[in-house]
Amino acid sequence: MPAGLSGASPPNAASRPSAASPLAAAAPPAAGFTADWLGQRVVFADGALDRLPAEVGALGARRVLFIAGLAGAAPARAAALLGDRLAARWDDVRQHVPADLAVAVATEARRVRANAVVSLGGGSATGLAKICALQTGLPVVAVPTTYAGSEMTPVWGRTDGAVKQTGRDPRVLPKSVIYDPRLLTGLPPEFAGTSAMNALAHCVEALYAPAADPLTSLSALEAARLIAAALPVIMAPGASSGPARPAGTAVASPAGTGPDTAAQAGRALLWAACLAGRSFGTAGGSLHHSLCHLLGGQAGLPHAQTHAIVLPHVVAFLSAAIEPQLGRLAAVLGTDPTDVAGALWDLGAAAGSPAGLRALGLPASDLPAIAAALAERQPASPRPLSAADALAVVTAAWRGERPAPLSPALGDGQPGRIGQPGPDPGTCPQPGPDPQPEADPQPMSAAGLSAAVIDRLQQTPDPRLREVLTSLVMHLHGFVAEVRLSQDEWLAAVRFLTATGQICSDRRQEFILLSDTLGVSMLVDLLAGPSGSGSAGFATESTVLGPFYVPGSPERGYGASIAERPSGEPAWITGRVTDLDGRPIADATLDVWQNADDMLYAVQNTDAPQDNLRGLFRTRADGSFAFLGVRPTDYPIPDDGPVGRLLASTGRHPWRPAHIHVIVSAPGYRTVATHIFDSGSRYLASDAVFAVKSSLIRDFERHEPGGTAAVPEGVPPGAAWYSLRQDFLLSPVAAESGD
Ligand SMILES: [Fe+2]
């Protein structure tokens, strides 16, 4: 049981950590300390809202922008109290302060020529007032109505797109804070509980944050003690719905809840929120807050619930690195030092915290990206955070299981295990007489397994291979977890991949087909290089190589035909290869291949000459080239194998729009593998492999027999034919070095 509000339950001496004495843990370190304590005015009393005019007046403010998002009696009362000083009321309050809202509120403050901002509400209202102060320099008077505690910190937050930015600035620290416990009467338990957990997170992080000092630790521990004692009281059925009681009412034990107890507990919690916020405001944040802001900005998760869920798992991860702090925290929470993370989880459960980030709707597939972003941020943390650590912490918070108590005893130097299911809430394992033998492993969890695999990959010598494989495992495990892949489905996938490999041969590449139809080939292409358009100054765009490329095409002369047998209507293709400034590139090579009017490439057709419809051409001194091909045809990719069956099972057609393949290369220039798409194709908008880029679409011009155009050599007498001009612009290799 936590130490009671009356202070009648001293911490159990046996539960203190053995590594440090109480005095050693609580006294300033021998090296001393330096602290920047914040200057701030606080008014704390039942009915303190009535002092709002005096507090505003003390700032010399005559025109107030009043921010209050919630409807109800309190904002109306505050507005009435402001009287003539009320220049405007602002009621658009949103979580995480979106950037557009930040701009709008500052604009309004300037428009009404406000010289002070008053906020009444929870962390979002306070946060908006802070952002307004950051942009306008106006002083803030904050009237909190939850236990979030941000009114006591100089920390601001704003969300730009999916990124939540935070910072510290003394201008955003409210000049005056009015704590009126009566304003929190009737606060729904779900808000009260989770915002109290938010305050508890401030306490915990303040104990090990970079600028922690003896005073911040003292106030953080007192706040944690109050929260642990009062939170179960206010969460008791009906506890927060009764009318406020006069101050000074005696408090019963948490088990004996009643209206008076609830009022006193609410008052204690508000004081705890003040202490916690003040501690955090001075000491700063660490891993927990960094992760929570990431989840708020990137995934849009609600602030308070996210805090409540994440905190136990961050503490579990940090346990071995914050042993002295955990010992002191355990004492005020009334728990064993080896089970602080579990005790925090229990408090979260009592506060009505959702069971894991998954309960907030966060998909498992988001976890790798969030973990990667967290690892990249490298927040100030008592324990270094690897990419694998980040994923393990995020995954554990997503699953939301109670962290297991540390075993063996705290102080073994081993990092706290995370993500492993613990005992039922409320039960603490009894310390055994003997250390746990190695042959008695902990039960394996999904998150623990992912972390173990990733951990083992960290010894990969090649850094790029390590990065690629780590990310692959993160995403693969995230995928399996998200869809909860069954054994049968896993086996079906193995059979599919086996069949894909078995159908491959010298003449068929089913894996490239699979990559193409899943869009992976085009994704690699799009990420590979600078996007171009083939217009002046821009390189010709690339696209997929496709499965029918065969190296070693025969070299052919300028203007030669690639058709070694009748293969369709002749098409005379001409153009130039130039650099981005239009200067000709001589002796560039064009490796060309295309299909015939039977829709087949030579490599697919054992009856055709193997060099039919393919050839290697070189540009002349002026960069020009020419060859005689045939007008290409739409064709289905091979759909008699596993990829075809996959397409059929997803209702997709296998067709590709007609095109001619070309690989253009020249020394000193970036090789481009591309297509010339036929504008007459019906499949340009639904290419089975997603390879169409609009800059690559060209018109084939038809010439009837007997026309005025000079008939190219190789066109049969009396035959209609087509012409098409296609220039290729290549970028120099050096230009890519900065990509
Ligand atoms: Fe093709």
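Two residues are in contact if their C-beta atoms, placed from the backbone, lie within 7 Å. Keep in mind that this is a predicted model.

Q: What makes H4 and H5 partners, and which residues meet there?
A: Going by that 7 Å cut-off, Leu101, Ala102, Val105, Ala106, Ala109 and Arg110 in H4 meet Leu128, Ile131, Cys132, Gln135 and Thr136 in H5. Sorted by type, the residues of this contact are eight nonpolar, two polar and one charged. Arg counts as charged, so Arg110 in H4 is the charged one.

Q: How do the axes of H4 and H5 cross, and why is the crossing called right-handed?
A: The axes of H4 (residues 99-111) and H5 (residues 123-136) come within 9 Å and cross at roughly 65 degrees. A crossing is right-handed if the near helix is turned clockwise from the far one by less than a right angle, and H4 passes H5 in that right-handed way.

Q: How do you know what length to expect for H10?
A: The expected span is 1.5 Å times one less than the number of residues. H10 (residues 303-318) has 16 residues, and its 22 Å reach is close to the 22 Å expected.

Q: Where does H10 bend?
A: At Val310, by about 35 degrees, with Pro312 following within four residues.

Q: Why is H10 called mostly covered?
A: A residue is buried if 20 or more other C-beta atoms lie within 10 Å of its own, and 16 of the 16 residues in H10 are buried. For the protein chain, 45% of its 739 residues count as buried.

Terms used:
Residues are numbered from 1 along each chain as its sequence is written. This is a predicted model: local features need pLDDT of at least 70, side-chain atom pairs count only at pLDDT 80 or more; totals for chains, interfaces and linings use all residues. Helices (H or I, at least four residues) and strands (E, at least two) are DSSP runs, numbered from the N terminus. The bend at a residue is the angle between axes fitted to the seven residues ending there and the seven starting there. A residue is buried if 20 or more other C-beta atoms lie within 10 Å of its own, exposed if 12 or fewer, and partly exposed in between; C-beta atoms are placed from the backbone. Axes are lines fitted to C-alpha atoms, for helices over the stretch in contact, and angles run from 0 to 180 degrees between N-to-C directions.
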